[in-house]
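Please examine the model shown below.

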Amino acid sequence: MPPIPGSGLAKGLAVTLRTMTKRTVTAQYPDVQPELPPRTRGVIGLFEENCTVCMLCARECPDWCIYIDSHKETMPAAAPGGRERSRNVLDRFAIDFALCMYCGICIEVCPFDALFWSPEFEYAETDIHELTHERDKLREWMWTVPEPPALDPGAEEPKEIAAARKTADKVRAQEARQTQQAQEAEQEGQE
């Protein structure tokens, strides 16, 4: 059966009339902040103490927008007769947010949890050169990083915690046995 001529127009007008009668809701953005989802990708924060200057983030970045400079320092031997160690010291860590495409690869490949997503998105600048945030600015963004979500109640406990709990349970059981043996010995001594 062929469609009735003009039925598409009637459907379109019906949709238009339905939406015309609804009240519009506009978020007054500068005055009212939007409620963002918990995993919002805003800006990247740097936890400098965890950075070992391994350069994985800069190597894996598809846009090459991460700039890292470092130098090596020699650390004295920890024990007498030991050898000196060298370690990398971070001189510069910068991210050019004018180039960044917010893919999150740098955060995923960081083996030491030095980079985190912050939900902050209001960092527009009038000059494009100011969108290159140096490590001091990236460190400030760390204060806006939310706490990690709680573990799923049905999730398996991490192996480290399970091992520690098992050891603690053994110690408690051993202490309970010793306490019980001491009480039994004390009762036998009184009889």
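The side chains of Arg139 and Glu48 meet in a salt bridge, with 2.4 Å from N to O; the term denotes a side-chain nitrogen of Lys or Arg within 4 Å of a carboxyl oxygen of Asp or Glu. This pair links distant parts of the chain, for Arg139 lies in helix α4 and Glu48 in the loop between β1 and α2, 91 residues apart. Helices (H or I, at least four residues) and strands (E, at least two) are DSSP runs, numbered from the N terminus. The model is a predicted one, in which local features need pLDDT of at least 70 and side-chain atom pairs count only at pLDDT 80 or more, while totals for chains, interfaces and linings use all residues. Residues are numbered from 1 along each chain as its sequence is written, and side-chain values use heavy atoms, with hydrogens and water left out.

Glu48 also meets Arg135 in a salt bridge. Here too the pair links distant parts of the chain: Arg135 belongs to helix α4 (residues 135-141), and Glu48 is 87 residues apart from it. A further salt bridge joins Asp136 and Arg139, which both lie in helix α4, three residues apart, or about one turn of the helix.

| Salt bridge | Distance, N to O |
|---|---|
| Arg139 and Glu48 | 2.4 Å |
| Arg135 and Glu48 | 3.2 Å |
| Asp136 and Arg139 | 3.5 Å |

Glu48 counts as buried because its relative accessible area is 18%. Arg135 is partly exposed because its value is 22%. Arg139, at 34%, is partly exposed, and so is Asp136, at 45%.

Tyr29 lies in the loop between α1 (7-21) and β1 (43-46). Tyr29 counts as partly exposed because its relative accessibility is 34%.

A cavity is a set of points on a 1 Å grid over the protein atoms alone where a 1.4 Å probe fits but cannot get out; a pocket is an open set with protein on both sides within 12 Å along at least five of seven lines; and lining residues have an atom within 4 Å of a point. The whole structure holds two cavities of 30 Å³ or more. The largest cavity has a volume of about 90 Å³. Of the 16 residues that line the largest cavity, Cys51, Cys54, Cys57, Cys110 and Ala114 lie nearest its centre. The second largest cavity holds about 70 Å³ of space, and its lining includes Ile44, Asp63 and Tyr102.

The largest pocket contains about 620 Å³ of space. Its lining has 18 residues, of which Phe116, Trp117, Val145, Pro146 and Pro149 lie nearest the centre. The largest share of this lining, three residues, comes from β4.

Terms used: Buried means under 20% relative accessible area, exposed over 50%, partly exposed in between (1.4 Å probe, protein chains only). Grid points are joined across faces, edges and corners, and a volume is the space filled by probe spheres set on the points.
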